[in-house]
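Visitor: I have just opened this one and would like a tour. Could you take me through it, one place at a time?

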Amino acid sequence: MIFLNSLLLQFILYIECIKLTSTQHGFTSYDASNTRDAITVGLLTDRNHDKMTLVAEYAMEVANIDLQTPLVLKQEEVPFGNSFQGYGKLCKMMQMGIGAVLGPSSKHTALHLMSICDAKDVPYFYGHMLQSAEAFNLHPHQDDISRALHSLLIAFQWSRFIFLYESTEYLNILNTIMALYGPNGPIITVLRYDINLNGNFKSVLRRIRKSIDNYIVVVGSSETMPEFLRQAQQVGIINEDYKYIIGNLDFHSFDLDEYKYSEANITSLRMFSPEKLRVKELMLKLGYMYALDEFQNGSCPITVEMALTYDAVQLIAETTKHISLKAEPLNCTDRSDGVTEDGSTFKNYVRSLNIHKRTLTGQIYFEGNVRKGYTFDVIELQPSGIVKVGTWNELSNYTSQRLQPTSAIFENFDSTLVNRTFIILLSVPNKPYASLVESYKKLDGNNQYEGYGVELIKELANKLGFNYTLINGGNDYGSYNKTTNTSTGMLKEIREGRADLAVTDLTITSEREEAVDFSIPFMSLGIAILYVKPQQAPPATFSFMDPFSEEVWWYLGLAFLGVSLSFFILGRLSPKEWDNPCPCIEEPIELENQFTISNSLWFTTGALLQQGSEIAPKALSVRTVASIWWFFTLIMVSSYTANLAAFLTIETPTTLIENVNDLAENKGGVVYGAKRTGSTRNFFMTSEDERYKKMNEFMTKNPQYLTETNQEGFERVKNSKDHTYAFLMESTSIEYNTMRECSLKKIGDALDEKGYGIAMRKNWPYRDKFNNALLELQEQGVLAKMKNKWWNEVGAGICTSKAEQSDAKSLSMENLEGIYVVLLVGSGLALLHGIISWICFVIRKASNHKVSLKDAFTEEFKFVIDFSTYTRELKTSASIYSRSRNSSISIDTLDANNTQNI
């Protein structure tokens, strides 16, 4: 029954091909006698002439459906590598008139024919790995093939391998791979497998078998590659111990049946899928009536050269819709200057085209003469045949669609996930979890998304081997209503089977877990406050007092008064501070003291302000206090100056709120909000904490402060006037935004603890497998590396160049108490010395005047405490000394005697 169904489907395809070639626009075929109103395209072949002719004819049949001026084919066969015969056949075609040429496979012949076509302005198209500025090559450039191979090598983590090449022209691929690796590339052993140029590769293959390396990259032509594989198997290096990357785009067309069960890992590239309808139609046209059976193992007899010839015809046809091309006769055997009319215009227009309709190898456009736009299928030979395991293109490089055997043990695969396809919901745009790729090219499918969530899915797919389709699920993550058993947003899509997974900043909550299941958390977080950074306070009138605390200023004032009083008291106690106001009079009638109350204050002030004064202490005790005070003022002034500089250069920020308590009280008039729906809002609605109940009541009464998205809240905080709006959101999102917006910061600690998880259907059978894979990624540090990449590297670095300055703080007594102790102790010792000196002075004076010691102390003490006078009469009748017979002794004499005794 299966065979009959297969045969019936093949018959239907065959009938469709017949209809296509016979009914559209009444078109049948064109020959040389019917080319007056057609454009002749020349085909020169040197291999597979019949098949190449059929491919070109079928391509023209397809193209002529939409053409006003149809294309007709003029074909000739030339021996491989015979440039002379090729030249003759081309000239013959030119004499008959051709609009474009499809060239042969031989590179030597092709180069010769290119120069002729370039001289005559005839567009020349070919499809093999030869680059020329004179023609259009639809084959991928060697550099692009090198980049694709490099991506595979990086993905497979090959730290050393053998590079096998057929001839020197393939060394350019190696050079580009080495340039992409840079100075820290892997160890590469380079060998030429066709070293004897006789088709016998076994001597080189035996060297490989004896080598310690079993990772092999092979680049070569489609003519030698099948024989290489056959001889490698004969030598014994195609088995489970060896891994191959074949850099040949015709790998899918080889006979691979004898290698499928070798257990060797063989990976290659292809430009088109045999499952395409046009490929199947072309196979039927070529006579492969049992094409569907061929496709069961992924092989396809359509070579890259055939596919590129087909696409070249479509490219010519598309150009003729816009630029007329006259196939006028030309003579290439003489020195005629005749060229194809509009040939240069035609070629310039081809370079500007970008087509993908009706092509076999995908999008086609040119950068100069280099073809671009294609996507390689990464294929692998397995027991079931050729299997597509990934893709490569210039924009996204290698994208794996299942776990590669080259990077893990095959037995670790879970067969229930391999090649399964899941529909995964993202929230776009929602940086850094998912966003659209910024590119000048139009992207579609999974390639159009990037972000942490996208990379997380790629890592899981690489581990578990599943395929996936990414879909934008919007900003509504969804909620669940227990009463009605209904859900919204992403939760609804998953519950109703329209999606399998949701990967975004989706918080695991008890409410959501009643509707869907979650994986283990891939990221931990909590609710925090997003607010503007503290702003610099406006300068205050008395900001010059900021370097010292209020306590220090008070103690400084007390020290100032205390020291001034010490100068005054010690000045009155010390005999040396009593001077003769008139030095010319040898025996003055009175003495004067310079340390009056005002002079003491002035002396202290001058020292404090580092200006000095005309007063000079004479007594030892007074000089001691002065020295201690000078040292004290030196330290104080230096400390003040240094801290004042810090206050002037370092901003002292102020903020209206410091924590959630300030926010709940609306301190400073700050209002707040959160995302209208989601776990953050639910946290406040269900919290039993009085603060959070109060905040929930505020947000309920003021819905204008709620937002539809986190991004909207972020923008509102940034643009709020007078900084009176704060936004409550997940701490991870705050970390991401504050790395890119320097005026914002997180306030206080997180209000709760929770995590992000991958949402999936209830009782999903693959939940444990995803959990195990997430645990492995966590243990291997992959999750941390991914977060660092998307938070701190991609688009970040703006706010990290300038380190945050520490706040300047006023100096307190804890900082300066030492100098106060020095001042206190020094002043106390000086005062003690002054008192002792005064006592000695009174005793000596009483002894010299033969008066009572008690009377002397009484009179001297009364004089010392008499602050109303700063002069002292030496001879007065009221003094007890006037009744003494020695009353003529001067105070200087007594002081001198006292000094000697001391």
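Predicted model: local features only at pLDDT ≥ 70, side-chain atom pairs only at ≥ 80, totals over all residues.

Visitor: Is Arg-512 buried or exposed?

Guide: Arg-512 is buried, since its relative accessible area is 4% and the cut-off for buried is under 20%. Its place is in helix H15, which covers residues 510-513.

Visitor: Where does UniProt put the "binding site"?

Guide: An unreviewed UniProt entry places that feature at Thr-507, Arg-512, Ser-679, Thr-680 and Glu-730. In the model, Ser-679 touches Thr-507, Arg-512 and Glu-730, and its contacts beyond four places in sequence also include Thr-509 and Lys-754.

Visitor: And which helix holds Ser-679?

Guide: Ser-679 lies in helix H20, residues 679-686, and with a relative accessibility of 9% it counts as buried.

Visitor: Let's zoom out. How many helices and strands does the chain have?

Guide: The chain comes to 28 helices and 36 strands, and of its 902 residues 50% count as buried. Taking contacts between residues at least 6 apart in sequence, 71% join residues at least 24 apart.

Visitor: What is the mean pLDDT?

Guide: The mean pLDDT of the chain is 79, with 82% of the residues reaching 70 or more. Over residues 1-9 the pLDDT is below 50, and that stretch has four contacts in the model beyond near neighbours in sequence. Residues 893-902 also stay under 50, and for them the model has 16 contacts beyond four places in sequence.

Visitor: Which residues does UniProt list as "transmembrane region"?

Guide: The unreviewed entry in UniProt lists residues 552-570, 628-650 and 819-843. In the model, the span 552-570 is 100% helix and 0% strand, and its end C-alpha atoms lie 26 Å apart.

Visitor: Now helix packing. At what angle do H11 and H12 pack?

Guide: Helix H11, residues 304-320, and helix H12, residues 343-352, pack at an angle of about 110 degrees, with their axes 10 Å apart. That makes H11 roughly perpendicular to H12. On the H11 side the contact is made by Leu-315, Ile-316, Thr-319 and Thr-320, and on the H12 side by Phe-346, Tyr-349 and Val-350. H11 passes H12 in a right-handed crossing.

Visitor: What about H23 and H25, how do they cross?

Guide: The axes of helix H23, residues 731-738, and helix H25, residues 782-793, come within 8 Å and cross at roughly 45 degrees, and H23 and H25 are therefore oblique to each other. Where they meet, H23 brings Thr-732, Glu-735 and Tyr-736, and H25 brings Lys-787, Trp-790 and Trp-791.

Visitor: One last stop, Leu-360. Where is that?

Guide: Leu-360 has its place in the loop between strand S11 (354-355) and strand S12 (364-367), and it is buried, with a relative accessible area of 0%.

Visitor: So what does Leu-360 touch?

Guide: Leaving out residues up to four places away in sequence, Leu-360 touches Met-271, Phe-272, Lys-276, Arg-278, Val-279, Leu-282, Ala-307, Tyr-310 and Asp-311. As for distance, Leu-360 and Ser-273 are 87 residues apart in sequence, while C-alpha to C-alpha they are 8.4 Å apart in space.

Notes
Residues numbered from 1 in each chain as written. Heavy atoms only, no water. pLDDT = per-residue confidence, 0-100. Contact = heavy atoms within 4.5 Å. UniProt positions renumbered as here; feature names shortened; annotations may be inferred. Helix = DSSP H or I, 4+ residues; strand = E, 2+ residues; numbered from the N terminus. Buried < 20%, exposed > 50% of the residue type's maximum accessible area, 1.4 Å probe, protein only. Axes fitted to C-alpha atoms, helices over the stretch in contact; angles between N-to-C directions. Parallel < 35°, antiparallel > 145°, perpendicular 65-115°, else oblique. Left-handed = near helix turned anticlockwise from the far one by under 90°.
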